Amino acid sequence: MTPARTTTRRIGVFGGAFDPPHAAHVALVQAALDNLQLDELRVVPTGQAWHKAWSLSPAPDRLAMAQLAFAEVPRVVIDPIEINRAGPSYTLDTLHEMKIRWPEAEFFLIMGEDQARALTTWHDWPEILRLAIICVAEREITTGESPRFIAPKLHKSRFKRLQMPAMPVSATDIRARIAAHQRVVPLVFEPVARYIDDHNLYQTI
Ligand code: ATP
């Protein structure tokens, strides 16, 4: 285990719908822990996602699945901060709350390339960049339409690349497979698959 640093606390923040959490989420978290010398990594399931087209599964289910998916990963904390907050979930509010709680900490906002490409549409994104370093993992491109993410020129120093093998996994695909009664292990881990089964999630899309 990497010893915790004694200087500024380094906190990773990884938000998402996690509907359901899958193997690429866990690989991304592992890559962040391995490469960013984080003291902890807070996985933050979104409350109300302002940018997702479908209605999400109930928050308690997504929270429970996240607990199961990341149970074996050291230094991960599942943080219900956005689920406990009323209204749409904005990353900026989350970072502000965390900054109040840990004023001396350095924050690393972790995301896949698709989210990074959309970052400049997020509420007050320059302030997000002021509060956190954005760490971007490559994501398998499935259509020819999505270009690779390029950090905005003026803010290059606020971005980092996270090396991880590109994994062609998405929650959308997993939900479709479940609705079609296909097996989803190992795309999701066994305990998560069991939870989905026990709670009849994703039976229709
Ligand atoms: P959906 O298909 O429902 O949109 P998703 O698989 O993208 O879901 P989210 O919970 O929306 O999962 O994603 C949370 C974070 O994980 C985002 O930053 C997203 O870019 C990242 N992510 C998800 N899947 C991958 C992947 N295969 N490779 C790299 N990053 C990923």
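Of the 205 residues of the protein chain, 47% count as buried, where buried means under 20% relative accessible area, exposed over 50% and partly exposed in between (1.4 Å probe, protein chains only). This is a predicted model, in which local features need pLDDT of at least 70 and side-chain atom pairs count only at pLDDT 80 or more, while totals for chains, interfaces and linings use all residues. Residues are numbered from 1 along each chain as its sequence is written, and side-chain values use heavy atoms, with hydrogens and water left out.

## Overall fold

The protein chain has seven helices and six strands; helices (H or I, at least four residues) and strands (E, at least two) are DSSP runs, numbered from the N terminus. Along the sequence these elements follow the pattern β-α-β-α-β-α-β-α-α-β-β-α-α.

The radius of gyration of the protein chain is 17 Å, which agrees with the value near 17 Å for a compact globule of 205 residues. That radius is taken over C-alpha atoms, and the globule rule is 2.2 Å times the number of residues to the power 0.38. Along the principal axes, the C-alpha atoms fill a box of roughly 45 × 40 × 35 Å.

Contact means heavy atoms within 4.5 Å. Among contacts in the protein chain with a separation of 6 or more, 76% are between residues 24 or more positions apart.

The accessible surface of the protein chain is about 10,700 Å², and carbon and sulfur atoms hold 53% of this surface. These areas come from the Shrake-Rupley method with a 1.4 Å probe; for residues, only the protein chains shown count as cover.

The chain carries 23 positive and 23 negative charges, whose mean positions are 5 Å apart. Lys and Arg count as positive and Asp and Glu as negative, while His and the chain ends are not counted. The place of a charge is taken as NZ of Lys, CZ of Arg, CG of Asp or CD of Glu.

## Salt bridges

The structure holds nine salt bridges, each defined as a side-chain nitrogen of Lys or Arg within 4 Å of a carboxyl oxygen of Asp or Glu. The table gives some of them.

| Pair | N to O distance |
|---|---|
| Glu40 and Arg9 | 2.7 Å |
| Glu40 and Arg42 | 2.6 Å |
| Arg139 and Asp114 | 3.1 Å |

Glu40 forms a salt bridge with Arg9. Glu40 lies in strand β2 (residues 40–45) and Arg9 in the segment before β1 (10–16), so this pair ties together parts that are 31 residues apart in sequence. Glu40 is buried at 9% relative accessible area, whereas Arg9 is partly exposed at 36%. In the pair of Glu40 and Arg42, both residues are buried.

Arg139 forms a salt bridge with Asp114. Arg139 is in the loop between β5 (132–137) and β6 (159–162), and Asp114 is in helix α4 (residues 113–118), so the pair ties together parts that are 25 residues apart in sequence. Both are partly exposed: Arg139 has a relative accessibility of 30% and Asp114 one of 27%. Elsewhere, salt bridges with shared partners join Arg9, Glu40, Arg42 and Asp79 into one network.

## Packing

Val76 lies in strand β3 (residues 76–78) and is buried, at 17% relative accessibility. Leaving aside residues up to four places away in sequence, Val76 touches Val29, Leu33, Leu41, Val43 and Phe70.

Helix α2 (residues 59–69) has Ala59, Asp61, Arg62, Leu63, Met65, Ala66 and Ala69 as its buried residues. The buried residues of α2 pack against α1 (23–35), β2, β3 and α7 (190–198).

## Backbone features in loops

Asp19 and Pro20 are joined by a cis peptide bond with omega about 5°, and Pro20 lies in the loop between β1 and α1. The peptide bond from Val185 to Pro186 is also cis, with omega near 10°. Pro186 is in the loop between α6 (171–179) and α7.

Gln37 is a residue other than glycine with a positive phi, near 50°. Gln37 sits in the loop between α1 and β2 and is partly exposed, at 40% relative accessibility. His181, not a glycine either, has a positive phi of about 60°. His181 belongs to the loop between α6 and α7 and is exposed, at 67% relative accessibility.
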